[in-house]
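Subject: Handover of a structure and notes on it

Dear colleague,

Please find below the structure that I am handing over to you. My notes follow it, and I would be grateful if you read them with the structure open.

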Amino acid sequence: MQNKQTLLKAYNFRHACKIFDTSKTINDDDFEFILETARLSPTSFGMEGVRLTVITNKELQKQIKPLCWNQNQIDTCSHLVIFKTKTKDLKPHSPWVEQQFAKRGLPKEAQEQYMQVYANFHQTLKSQDIYEWGARQTYIMLSSMITSAAVIGIDSCPIEGFEKEKLESFFNIDTTQEEIALVCAFGYRVNPQPKKQRMALSEMCEFIR
Ligand SMILES: Cc1cc2nc3c(=O)[nH]c(=O)nc-3n(C[C@H](O)[C@H](O)[C@H](O)COP(=O)(O)O)c2cc1C
């Protein structure tokens, strides 16, 4: 019961914070906790293709802001996280995929079976590119991070409002290998949060019993 209350309190505390208190910095211990919940998040087939860049440098945040619709979260936050997904390495039969399956310590035959299922799965995804699939994994990580942050009283704002190509060239990212999928700012709020706007559960959910 107490766990439920703790988590619900965190979900109610979390909101898309539009401006952070520039005088406050998240301490290393707290940010490591948030990162640990990212690390423990699931990825489809256990591929672990997400990479994070954490920016605390104020000058760099200011340079990034115009590439993110000039949003105030970018340079007022304490920690700015850029979520990238591997692309080339996620293709079936790549050494990375081989390694991820081998890590499970399964017999060779089982590993090959897994690889076949993985290859077939990617065949069914053909209308989307591998980037779309990798990007989806970053959203799972995002969810873990904004929730765990809220549990310890840290605010956040997920950010899809950025110019992908410009941000990738800013970071000199080799886009044959990885691409940016998402951005998220973490810090401490300045303003009180607005009232939550959500539909009723009955509108969102149907039960088939
Ligand atoms: C994936 C994602 C991307 C978002 N991108 C932005 C953004 O670029 N800028 C912004 O101010 N809010 C952004 N938001 C915040 C949403 O607008 C916000 O979560 C939604 O309106 C619900 O409000 P709440 O989070 O305060 O409850 C984003 C949210 C998500 C989940």
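In these notes, helices (H or I, at least four residues) and strands (E, at least two) are DSSP runs, numbered from the N terminus. The model is predicted, so local features need pLDDT of at least 70 and side-chain atom pairs count only at pLDDT 80 or more, while totals for chains, interfaces and linings use all residues. Residues are numbered from 1 along each chain as its sequence is written, and side-chain values use heavy atoms, with hydrogens and water left out.

**Overall layout**

The protein has nine helices and four strands. Read from the N terminus, these elements follow the order α-α-β-α-α-β-α-α-α-β-α-β-α. The C-alpha trace spans about 55 × 50 × 35 Å along its principal axes. Of the 209 residues in the protein, 42% are buried; buried means under 20% relative accessible area, exposed over 50%, and partly exposed in between (1.4 Å probe, protein chains only). A contact means heavy atoms within 4.5 Å. Among the contacts in the protein with a separation of 6 or more, 79% are between residues 24 or more positions apart.

**Histidine 15**

Where is histidine 15 found? Histidine 15 is in the loop between α1 (2-13) and α2 (28-39). With a relative accessible area of 8%, histidine 15 is buried. Not counting residues up to four places away in sequence, histidine 15 touches Asp155, Ser156, Arg189, Gln193, Pro194 and Lys196. A polar atom of the side chain of histidine 15 also lies 3.4 Å from the backbone oxygen of phenylalanine 13. A polar contact here is a pair of N or O atoms within 3.5 Å; within protein, one must be able to donate a hydrogen and the other to accept it, and residues adjacent in sequence count only if both atoms are side-chain atoms.

**The ligand**

The ligand is surrounded by 14 residues, and the closest are Ala16, Lys18, Gln71, Lys196 and Arg198. An N or O atom in the side chain of arginine 14 is 2.9 Å from an oxygen atom of the ligand. A polar backbone atom of alanine 16 is 2.9 Å from an oxygen atom of the ligand. A nitrogen atom of the ligand, in turn, lies 3.1 Å from a backbone N or O atom of proline 158.

**Helix α2 against helix α7**

Two packed helices are described by the angle between their axes and the distance between the axes. The axes of α2 and α7 (residues 130-151) come within 8 Å and cross at roughly 150°. Axes are lines fitted to C-alpha atoms, for helices over the stretch in contact, and angles run from 0 to 180 degrees between N-to-C directions. In this packing, Phe33, Ile34, Leu35, Thr37 and Ala38 in α2 meet Met141, Ser144, Met145, Ser148 and Ala149 in α7. By class, the contact of α2 with α7 has seven nonpolar, three polar and no charged residues. Here Ala, Val, Leu, Ile, Met, Phe, Trp, Tyr, Cys and Pro count as nonpolar, Asp, Glu, Lys and Arg as charged, and the others, Gly among them, as polar.

Leucine 35, placed in helix α2, is partly exposed, with a relative accessible area of 29%. Leaving aside neighbours within four places in sequence, leucine 35 is in contact with Leu52, Val54 and Met145. Leucine 35 and leucine 8 are 27 residues apart in sequence, and their C-alpha atoms are 21 Å apart in space.

**Serine 78**

Is serine 78 buried or exposed? Serine 78 counts as buried, at 7% relative accessibility, and its place is in the loop between α4 and β2 (79-86). The side chain of serine 78 reaches the backbone nitrogen of isoleucine 26 at 2.9 Å. Another polar contact, at 2.7 Å, joins the side chain of serine 78 to the side chain of histidine 79. Residues up to four places away in sequence aside, serine 78 touches Lys24, Thr25, Ile26, Ile55, Thr56, Gln61, Phe186 and Gly187.

**Two residues with positive phi**

Tryptophan 69, in the loop between α3 (58-64) and α4 (73-76), has a positive phi of about 55° although it is not a glycine. Tryptophan 69 is exposed, with a relative accessible area of 59%. Asparagine 172 lies in the loop between α8 (164-170) and β4 (178-187), and its phi is near 55°, a positive value in a residue other than glycine. Asparagine 172 counts as exposed, at 69% relative accessibility.

With kind regards

Terms used: Near = heavy atom within 4 Å.
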